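Hi,

Here is the structure I promised to pass on.

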Amino acid sequence: MGAVYSSHHFGSQQTSGRILHTMIEEVTDLEPGGGLLFLATGPVGSGKSSLVREIARSLPGWSGIMVSALSWQAGNEGALIEHILDRSGHDGTFTDLVDREGARTAIVIDDTHWADVTSLRALVEASRRLRRGRLAVIMTASDTHDASDDLPMSRLRELADHAVTLAPLDVEDVAALALSSIGAHLSPLAAAELRDLTGGRPGRIQEVLQAAPADHWRLSNPQIPIPAPWRAALDRRTRGLDVGAVLTAMSILPGTGTGSPGLVRFLADDLDGSLVDAAVTADLLELLPNAGEPVLRFTHPTDRAVVRATTGPAQVTRLHRRAAQYHRASKHIDAALIHEALGIEGTDDDTAERLSRRGEELGAAGRWLDAADAFNLAAKVAS
């Protein structure tokens, strides 16, 4: 799994297996009076919970305590420590629990961004001031939240011995995950489609793999199913909102699925921008800084997948042709050409020829990925 790390021991090319091996080694090597803080951050479905639980399960001879911080308890000072003591069945203080002779304690905390400040301070202090016991505090947190104004996640990352941010899986990782979980050899094309559909998040990938029988994934070109819970979640979040046109416009955008607010408003006939604003306010879309104009994208990749799967081909074609019109007017020739190709029903040798010529120009300029996209589209629309 790709990941970005801030630590003395992890480099940018390490895998989750390497993280697991290193963390197990460091925890088991702790001496009496030794403590270790480990923090894994990432979006929902990135695999951080699975990683930290596997670390805890791989510590023979250690007492494992697994808890989750709750959003409605974030302001209840000391609540998380009380929960840890309750889960351990210990009647004394937290220090008595973790700093006894021979004590080896691994505490796994999910959603640490909701933990109360008093409990977080107690955990950090215990890991630094032990005398007899050994303590590993193994935490997960969203990469978009702060625990509190007093002890934000950025501060917790600084205090942690190891802090990792889990990045999306690449195509090879997706194929390996499918092979290990359901025994299916996905083609590079199917693995790439599955990666794009899920944003490369392992948890989401597993949901899609489980949405169809294992034999389905052994087909040469399996259709990627949309899990029913994804549809239900989007229905729940959009109930009472008039944002369907905006979400549909966003769903047809190629590549990473980002688009300028101007383009999305044009495609959705959102003249005053109120529909886009409503989608952003409802956390369906998010506005991201960009080199030039900020861009919009789906907050949840699963929403993009659901909307795209429920948009008819005639509407997709119409939207691509309108997007090509918008980009031509804006003098964005490459973007216009891509949408023209995506808006073709059947074949169009003239467009294929223009794409091929553009691919050669991009290749000569050293823009190999853009050139490959142009050639790929040319092949799709050529007769």
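Let me start with a pair of helices. H7 (residues 171-182) and H8 (residues 188-198) pack with their axes 8 Å apart, at an angle of about 100°. An angle of 65 to 115 degrees counts as roughly perpendicular, so H7 and H8 are roughly perpendicular to each other. On the H7 side, the contact is made by Val171, Val174 and Ala175; H8 brings Pro188, Ala191, Ala192, Leu194 and Arg195. Sorted by class, that contact has 7 nonpolar residues, 1 charged residue and no polar ones.

Before you read too much into any of this: it is a predicted model. The pLDDT averages 85 over the chain, and 93% of the residues score at least 70. Two stretches need care. Residues 1-14 have a pLDDT below 50, although the model gives this stretch 42 contacts beyond near neighbours in sequence. Residues 146-150 are also below 50, with 12 such contacts. Where pLDDT is low, the predicted coordinates should not be read in detail.

Now the overall picture. The chain has 383 residues, and 46% of them are buried. Its secondary structure comes to 18 helices and 8 strands, and the C-alpha trace spans about 80 × 45 × 40 Å along its principal axes. Of the contacts with a separation of 6 or more, 67% are between residues 24 or more positions apart.

Next, the inside. In soluble globular proteins, nonpolar side chains tend to be buried together. Here the largest nonpolar core has 44 residues, and the members that touch the most others are Leu194, Trp217, Val246, Leu247, Val264, Leu267 and Leu285. You will remember Leu194 from the H8 side of the helix contact. Leucine 247, another of these core residues, is in contact with Leu234, Thr238, Leu284, Leu285, Phe298 and Val307, leaving aside its neighbours within four places in sequence. There is also a second, separate core of 26 residues, which includes Leu39, Ile84, Leu85 and Ala115.

Where does valine 44 lie? Look in the loop between strand E2 (35-41) and helix H2 (48-57). Is it buried or exposed? Exposed counts as over 50% relative accessible area, so valine 44, at 53%, counts as exposed. Setting aside neighbours within four places in sequence, valine 44 is in contact with Arg201 and Arg204. Its C-alpha atom is separated by 31 Å from that of leucine 342, which is 298 residues apart from it along the chain.

Cheers

Technical notes. Residues numbered from 1 in each chain as written. Heavy atoms only, no water. Axes fitted to C-alpha atoms, helices over the stretch in contact; angles between N-to-C directions. Helix = DSSP H or I, 4+ residues; strand = E, 2+ residues; numbered from the N terminus. Parallel < 35°, antiparallel > 145°, perpendicular 65-115°, else oblique. Contact = heavy atoms within 4.5 Å. Nonpolar A, V, L, I, M, F, W, Y, C, P; charged D, E, K, R; others polar. Buried < 20%, exposed > 50% of the residue type's maximum accessible area, 1.4 Å probe, protein only. Core = buried A, V, L, I, M, F, W, Y, C linked by side-chain atoms within 4.5 Å. pLDDT = per-residue confidence, 0-100.
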